[in-house]
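The following exercises are to be worked with the sequence and the model at hand. Each task is followed by a solution in steps.

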Amino acid sequence: MKKNLRSVYLVSFVLFAAAIGYMIFSGVSQNSVYFLNVSEALAQEKTQPLLSARLFGTVADGTIVRPEDGLGVSFTLEDAENKAQTIQVQYKGVVPDTFDVGSEVIIEGSMQNSVFTAKTLMTKCPSKYQKENREKNA
Amino acid sequence: MTHFAHLLLMLSLTIAVLGTLFCIVSLNKAKTYAVGLLEKANLAITLCYVIASCILFFGFWSYDFSIKYVHDYSDLSLPLFYRLTAFWGGQAGSLLFWALCLVLCGAYFQSTEIYKSLSQETRTWYLLFYFSMLAFFGVLLTTYNSPFEVISPAPSNGRGLNPLLQNPGMIFHPPLLLLGYGGFTIPACLALAQALSKENGSETPWHICTKPIILVAWLLLTAGIVLGGWWAYMELGWGGYWAWDPVENASTIPWFFGTAAIHFGFIEQYRNKAQRFHTLFMALTCVSAFFATWLVRGNVVESVHAFGSGGVGYLLLNFVIAATVIVFAVIFYMPNKGTPFNGLETKEGFLLATAVVLITISLIIGFATLWPVISKLWTENSVGLQAGFYNSVILPLLTVIIALLTFCPWLSWKQGLSHGRHFLGVVLSFLVFMGVFWALFDVKEPLPLIAASISCACMISWALYFAVLKYPLAKLSPVLVHISLAVMALGVAFSGPYKVEQEVALARGQEIAVDSFKVKLLELYEGRDRTGRYDFLEAELLVTDKNGKEVGISQAQRRIYASFPQNAYAEASTIFSLGKEFYATFLGLDEQTRAVLRLSVHPLVNWLWIGGTIMSLAPFITVYAMRRRKLENKQEKA
C-alpha cells in the first residue's frame, strides 16, 4: 500500500475507534446496573444503598399479595440456591402472565429500608419449562 | 426404537471420529488420499441422522411418552402440527435438528459437480474440519443432550408445549436460525481447507463453490431473526419487537459476522483482495454460531429466556475457544496473496468500512452481553448493561452503515466518484427528506431524524443505481436487499422512539384517547376455543380516529390453556396499518370488573416486517440467476 494511503486508513481507523470508544464509555457509565441474586443484593445493601439493580430470584411460597385496587403485586423474593435469604418486593404495574409461586423472576428497581421497589417485573419463560431439569443438575 | 436411535447417534459419532483421524493420517502422508471412502462415511453419518430424526418425529406423532423428550414437550391435546414441530422445542431436539441441517447441507454440497472438481487434498482438508464438527455434535447428542432418554414405565400423558410456543412465528423461528447456522458451516470448512491446501489457486475458490449455500444460509438467518422479532411483538405482548435480551443479541452475532464476510467476499471476487479477512470472518461466522448457542444454552448470563443448562455449557465454551484458536492459526499460516487496498474514497474502501463497522457492532454486542461476566474481573458484584446502552451505541452505528451504503453505489473501484451527478442527487434527496421530516412530521430528535432521512435517501440511491445499470437480473437481489434494509431502518427510526403506550382500566361503554385514536370498550365475552384447547376472556374494542371514523374493532384475549391451568396468557390484537398500528393487550379484570388493558400505538412498525420479508427472499434471485447461467453454459458446451 502506498504510504499516504496507509496513513489515510490509519487516521480514519483511529478516529473511528476513538468515536466508538467514547460512545461505549458514555453508554457504559449511563446504563450500568448491578446484576445480583438475592444474597448478593443483601450483602451489598449493608455497605451501600442499592439505587439501581437487576435482581434474580424465585417467588417464595404463600407470599403473593395483590392490591385490591389496580395493578401490581407484592411478594417475597428468595435466593434460588439459599432459600433463607429473602427480600420483600413491591411492584406497581402489569404482572406478567406467567408470574406465580416458584417462578423465577427478574426485577429492576431500587432498594430502600430493605424493601425493593421494582419498576419492572419479568418472569423467565419464553423458552421451555426446564426447571426440574435445572434443579437436578445443580 | 429409542435404543436403536441412540445407537445410530453413537455410530455417527464413531464414524466422525474415525473420519477425522483418517483425514489427519492421509494429510500427513500426502498423495495417499482416500476421499471416496470418507465421502461414503459422510453419507453413512447423514443416513444415521436422518433415521434418528425420523424416529423422534415418529415418537411425537405416535404420542410415545416413553421418550422423555416427547413427554416433556408434548401432550395428548396438542395438534399434530405443533406436535411435530415440538421436535425443536427443547435443547436436545434443537441440537439434533442443527446437526441434521448440517449433514443435509454437507450431503448436498458433496453431490455438486463443483465439489467434485476440487482437488483431493482440498477435499480431505474440508472433510477434516467437517468431520471434527460432526464429532463434536456426536459428543453433545450422546452424552449431555440425548434426545432419546427413556422414561419407564411410560407416563400416560406428556407435560405439554409451552403456550407461548404454540404460534407459527415461534415454530419457524428456531429452525430458520439453525438452518442458517448449519449452512454457514460448509463455506467455513471449505474456506479453511483452501487456506491450507497446496492446490489452492488452481481450483475454483471456496466462495464461488459455495455461493448458493452462503446466500441461502444468510437469508434463512435473516428470516429467523426478523421472525423472532415479529413473534416477540405479536405473541409475547412484551410491547416491542426487540429488548436487547442476551438471547436476542446472541442470534445477531453470527448474522453481523456473516454479513461482514459477504462484503469481504465482494472485494475478493471483484478485486482479488482481502482473502485472509474473507476466510477469517467466514470461519468466525460459523464459530460464533456456537458462541451464540453457548450464550443461550450455557446459562452464562441471566436472561428472560429460560433454558436448562444441561451441562453443555463447558463443552460448548471449550469448543468455541479451541475453534477460534485453530481459525486464527490457519489464517496466520495462510499465504497473503492480495494486493494492497485502494483509497478509502473508493468502492473498495466503502465495502471495507462497511465490513469493519459490521464487525465492530458484532463485537460490541458480544462483549456487552457478556458484561455481567466480564465485570466480575474487577468488581465483586457483576454489572450488566441496560437496553439504553445498545440503543445509544448500536443504533448510531447502524445509521453509519446505512449512510455508507447510500453513497457506495456512486463510487468507482479505483478512485473517487463514478457518477457525480447521481451522487449529488442522492445527497440532495437526503437534505430534502431531512427538511420534510423536520417540518411536516415533527421529527426533532437528531438520531431518528438522520436515520429516517438517510434511509429514504438510501432507497432512492439503490433504485437509481439499478436504473443506471439498466436493470440486470443478477444485480436485482443486492439492490432489493439494501432497499429493504433501508425500509426496515425507517421502521426502526419511527417505531422505536415514537411509540406511545398506556395502561388503562375501562368499564363497558367507556371511551379513552390513545395518541390519535379513541378507544371504546364495547363488550366482554367469555368462551371456549372450538378445539377445546383453551378458555378465553375477550375484550372487544371499537377504535376510531380523531374525527370519529371507525378504524377497526380490536379483539384482545386472555386465554387459559387446558394443559397449563395455573396461568392465563394474553393474546394481543392489532389493527394493521402501514402508518400507526394500534395494539391492545388484555391484562385482566380489576375488582370492579373493568377491563385492564395495555394500549399502544406503533408508528411504521409494519415496514420492519415488509422490509424483513423482502430482505429474506431477495437472495433467491441471485441463486436463480446463477442456476440459469450454469444451465446456459452447459447448453453452449453441448
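**Exercise 1. Describe how helix H5 of chain B packs against helix H8 of chain B.**

Solution. The model is a predicted one. Begin with the axes: those of helix H5 (residues 91-111) and helix H8 (residues 168-196) of chain B come within 8 Å and cross at roughly 40°. An angle under 35 degrees would count as roughly parallel, and one of 65 to 115 as roughly perpendicular; H5(B) is therefore oblique to H8(B). The crossing of H5(B) over H8(B) is right-handed. Next, list the contact residues: H5(B) contributes Ser94(B), Phe97(B), Trp98(B), Cys101(B), Leu102(B), Cys105(B), Gly106(B) and Phe109(B). From H8(B) come residues including Pro174(B), Leu178(B), Tyr181(B), Gly182(B) and Ile186(B). Sorted by class, this contact of H5(B) with H8(B) holds 12 nonpolar, five polar and no charged residues.

**Exercise 2. Carry out the analysis for helix H19 and helix H20 of chain B.**

Solution. The axes of H19(B), residues 476-495, and H20(B), residues 606-617, come within 8 Å and cross at roughly 160°. Angles over 145 degrees count as roughly antiparallel, so H19(B) is roughly antiparallel to H20(B). The handedness of this crossing is left-handed. On the side of H19(B), the contact includes Leu480(B), Val481(B), Met488(B) and Ser495(B); on the side of H20(B), Trp607(B), Ile610(B), Gly611(B) and Met615(B) are among the residues involved. The class count for H19(B) with H20(B) is 12 nonpolar, five polar and no charged residues.

**Exercise 3. Determine the strand order of the open sheet in chain B and identify its edge strands.**

Solution. The sheet is built from five strands, in the order S3-S4-S5-S6-S7, with antiparallel pairing. Its edges are S3 (511-514) and S7 (569-571) of chain B, each of which pairs on one side only. On average, and with direction ignored, neighbouring strands are turned by 30° against each other. Within the sheet, strand S5 (residues 534-544) and strand S6 (residues 550-561) of chain B are joined by 11 bridges in the antiparallel sense. One residue pair can be located directly: Asp535(B) has Ile560(B) of S6(B) as its bridge partner.

**Exercise 4. Characterise strand S1 of chain A and find its partners.**

Solution. First, place the strand in its chain: chain A contains three helices and six strands, following the pattern α-β-α-β-β-β-β-β-α along the sequence. Of the 138 residues in chain A, 30% are buried. In S1(A), residues 32-37, five of the six residues are buried, so the strand is largely enclosed by the rest of the structure. Then turn to the pairing. With strand S2 (residues 50-59) of chain A, S1(A) pairs in the parallel sense over four bridges, and Phe35(A) stands opposite Arg54(A). Three bridges also join S1(A) to strand S1 (residues 383-385) of chain B, in antiparallel fashion. There, Tyr34(A) has Val383(B) as its bridge partner.

**Exercise 5. Is Asn272(B) buried or exposed?**

Solution. Locate the residue: Asn272(B) lies in the loop between helix H11 (246-271) and helix H12 (275-297) of chain B. Count its neighbours: because Asn272(B) has 12 C-beta neighbours inside 10 Å, it counts as exposed. Finally, consider a residue from elsewhere in the chain: the C-alpha atom of Gly338(B), 66 residues apart along the chain, is separated from that of Asn272(B) by 6.3 Å.

Definitions and conventions: Residues numbered from 1 in each chain as written. Chains lettered and ligands numbered in written order. Predicted model: local features only at pLDDT ≥ 70, side-chain atom pairs only at ≥ 80, totals over all residues. Helix = DSSP H or I, 4+ residues; strand = E, 2+ residues; numbered from the N terminus. Buried ≥ 20, exposed ≤ 12 C-beta atoms within 10 Å, placed from the backbone. Pairing = 2+ DSSP bridges. Axes fitted to C-alpha atoms, helices over the stretch in contact; angles between N-to-C directions. Left-handed = near helix turned anticlockwise from the far one by under 90°. Contact = placed C-beta atoms within 7 Å. Nonpolar A, V, L, I, M, F, W, Y, C, P; charged D, E, K, R; others polar.
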